[in-house]
Amino acid sequence: MKKWAVGLLVIGLIVLVIGMGIVRSYNSLIDLETAVDSSWAEVENQLQRRADLIPNLVETVKGYASHEQQVFSDVADARSRLIAARTPEDRMAANASLDSALGRLLAISEAYPELKADTSFIRLQDELAGTENRIATERMRFNEAVQAWNTTIKRFPMNIFAMVFGKEAKSFFEASPRAQEVPQVSF
């Protein structure tokens, strides 16, 4: 075999190995990005489940506390913003408003012993508590997927591939500062 043929074969093998490395790296980025998107979809799924439960909870509480119109209005407005939000950042902000409004709604129930004993209210409150636990779990999984994504695209040499393919860091799901506040209810 001639020298130029051997040289061409070696160059071809090097190009093939490099090409396979690029394909493997790109596919790795796609796998991680899909995991982030999938995790976010589960967060949205649980947020929607909660939004679907809220009208029933509000109607049950209304029967006992009809004079609390502002709280009911706040819950309805926050729910509408959550349903209308399109980006993850908008959904996170709308969710923070809904958390606050629901906290005030549930605090109202403390003032009505007969409401707390109502089986419909108890069932709805249990469903809502279960949903809140699911949301917390999905938020955690989303943040874990974002962490894996962000770590991967910042490490060398993957950072070069990420830059070439236009892949950017994702935002974590963060609790709103209002989540630290205790809801205040006054009668």
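**Exercise 1.** In this predicted model, find the angle at which helix 2 and helix 3 pack, and decide how the two helices run relative to each other.

*Solution.* 
Step 1. Locate the helices: helix 2 spans residues 69-84 and helix 3 spans residues 88-109.
Step 2. Read the geometry. The packing angle is about 155 degrees, and the axes lie 8 Å apart.
Step 3. Apply the cut-off: angles over 145 degrees count as roughly antiparallel. Helix 2 and helix 3 are therefore roughly antiparallel.
Step 4. Look at the contact. Helix 2 contributes residues including Val 71, Phe 72 and Val 75, and helix 3 contributes residues including Leu 98, Leu 102 and Leu 105.
Step 5. Sort the contact residues by class: twelve are nonpolar, two polar and five charged.

**Exercise 2.** Describe the largest nonpolar core and the contacts of Leu 105.

*Solution.* 
Step 1. Count: the core has 37 residues.
Step 2. Pick out those with the most contacts inside the core; they include Leu 102, Leu 105 and Phe 142.
Step 3. Find the top contributor. Helix 1 gives the most, with twelve residues.
Step 4. Trace Leu 105. Leaving aside neighbours within four places in sequence, Leu 105 touches Leu 57, Val 58, Val 61, Val 71, Phe 72 and Val 75.

Note on methods
Residues numbered from 1 in each chain as written. Predicted model: local features only at pLDDT ≥ 70, side-chain atom pairs only at ≥ 80, totals over all residues. Heavy atoms only, no water. Axes fitted to C-alpha atoms, helices over the stretch in contact; angles between N-to-C directions. Helix = DSSP H or I, 4+ residues; strand = E, 2+ residues; numbered from the N terminus. Parallel < 35°, antiparallel > 145°, perpendicular 65-115°, else oblique. Contact = heavy atoms within 4.5 Å. Nonpolar A, V, L, I, M, F, W, Y, C, P; charged D, E, K, R; others polar. Core = buried A, V, L, I, M, F, W, Y, C linked by side-chain atoms within 4.5 Å. Buried < 20%, exposed > 50% of the residue type's maximum accessible area, 1.4 Å probe, protein only.
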